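Hello,

Here is the structure I promised to hand over. Please have a look at it first, and then read my notes below.

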Protein chains: 2
Amino acid sequence: MTISIHPIPGIPEVSRGDDLAALLIGAIENGGLGPEHGDVLVVTHKVVSKAEGAVRHLGEDEEADYRQAALDEAVEVLRRRGPMIIARTRHGFICANAGVDRSNAAPSTVVLLPRDPDRSAHGIRMRVREATGIDLAVVVTDTFGRPWRSGLVDVAIGVSGMEAILDLRGTTDQQGRVLEVTEVAIVDEIAAAADLAMGKASGVPAAIVRGLAYPKGEGRATDLVRPADQDMFR
Amino acid sequence: MTISIHPIPGIPEVSRGDDLAALLIGAIENGGLGPEHGDVLVVTHKVVSKAEGAVRHLGEDEEADYRQAALDEAVEVLRRRGPMIIARTRHGFICANAGVDRSNAAPSTVVLLPRDPDRSAHGIRMRVREATGIDLAVVVTDTFGRPWRSGLVDVAIGVSGMEAILDLRGTTDQQGRVLEVTEVAIVDEIAAAADLAMGKASGVPAAIVRGLAYPKGEGRATDLVRPADQDMFR
């Protein structure tokens, strides 16, 4: 099937207490984008965090406070390099500075990860359904580095209305052989695809992925956290 | 910008010596898909490997021969779990079974990675340019697991006609602050996006990503291999 990815421009700067779902719906409707049944609405976590107040103010020594914010968000520090840490967050994600980030933050603040991004996604989804009658899937994203591979990619840290993993176990290939690749991290592929349309510097914090036959369900992004006992690289 | 991802159906089963570029061009034209200037043509490595003869026949003890093929393709084994290894390939990629795979392979064979996937991508690109006058970018993909995160995603293992990494160093965010996320693994995001349209079981081995303002250049997928001295998790 052909898939299209539509950036959603026109979302204003978001602050604590803003009704992010209403801002998203307004921007989608103003852009003539629907929403439509079967859409996936992808939202970068930064606007989610700002709306939820998951922001920390930095004092005079901004660098030190930034470092402290990352340490406070970390439940385990895996590696350090200079001021940067690679840490596990309370959600189980492993990422730079435990997800604490200054880009696109207001002056003298850092943005944290949402407390429960799956719940954030669910909240947006419910509000969209209420306002428009459309039950779409919602994916909340962040930008992560990876071991072994240079460069960063967007991944899912929150999801609602679909499975996080596309389970192909038992599916056969064109030769009738059972597939070896059985569990596709489809929400991470959606996050990556949406980032292509949004761009990092453009200030567009959301996109619609349309035409994808995604697996409906009650998945959570924490389903993507590989249990420690199955992780060969912990 | 709006991006669209078009699967390319109608590519027949590929065997050693087949003219893959001609098969791709034929399928693109038959599908009414162009090609168009600015397209990225994404091809799963499996058809590339088959056309190039990067295939190994298994003897009577298929399991043992499969394991041996993986060991032969590995330059370093990082982990073992049962019969499966996580290994570094000669290209520098770290993946399961050094990229050796039985899914969508002919009976009693395994498919290896192309010897030089960047060169493979370049060859396809040159043939498309020759035949159609269109200079598109080409990305060759495989499906990799990741440490820490469950599920697999498609990534780039070969590229031609574009940079592998979108370099945003020095770019500022909406507040004028220099971005912290500076190097986006854009070809990996393209690979992931294309996989959404192709699907694992459908036998569609290629897709066109259209509408993306990608960074033209002479990047290589091996640019994505993080040098060992910069890798905190080797």
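**What I found**

In chain A, an open sheet is built from three strands in the order E4-E5-E6, with antiparallel pairing. E4(A) and strand E5 (residues 84-89) of chain A run antiparallel and are joined by six bridges; A:Val77 has A:Ala87 in E5(A) as its bridge partner.

A word on conventions: this is a predicted model, in which local features need pLDDT of at least 70, side-chain atom pairs count only at pLDDT 80 or more, and totals for chains, interfaces and linings use all residues. Residues are numbered from 1 along each chain as its sequence is written, while chains are lettered from A and ligands numbered from 1 in the order in which they are written.

Now to the interface. Chain A and chain B each bring 58 residues to the contact (C-beta atoms, placed from the backbone, within 7 Å). On the chain A side, H5(A) gives the largest share, eight residues. That side has 28 nonpolar, 13 polar and 17 charged residues (Ala, Val, Leu, Ile, Met, Phe, Trp, Tyr, Cys and Pro are nonpolar; Asp, Glu, Lys and Arg charged; the others, Gly among them, polar).

A rotation of 180° with 0.0 Å of shift along its axis superposes chain A on chain B, RMSD 0.0 Å (least squares on C-alpha atoms of residues with pLDDT of at least 70 in both copies). The two copies are thus related as by a two-fold rotation axis. The copies meet through the same surface, because 100% of the interface residues of chain A are also interface residues in chain B.

Two pairs of elements cross this interface. E1(A) runs antiparallel to strand E1 (residues 3-7) of chain B, with three bridges between them, and A:Ile3 is partnered by B:Ile5. The axes of H5(A) and helix H5 (residues 186-198) of chain B come within 8 Å and cross at roughly 120°.

Best wishes

Notes
Contact = placed C-beta atoms within 7 Å. Helix = DSSP H or I, 4+ residues; strand = E, 2+ residues; numbered from the N terminus. Pairing = 2+ DSSP bridges. Axes fitted to C-alpha atoms, helices over the stretch in contact; angles between N-to-C directions.
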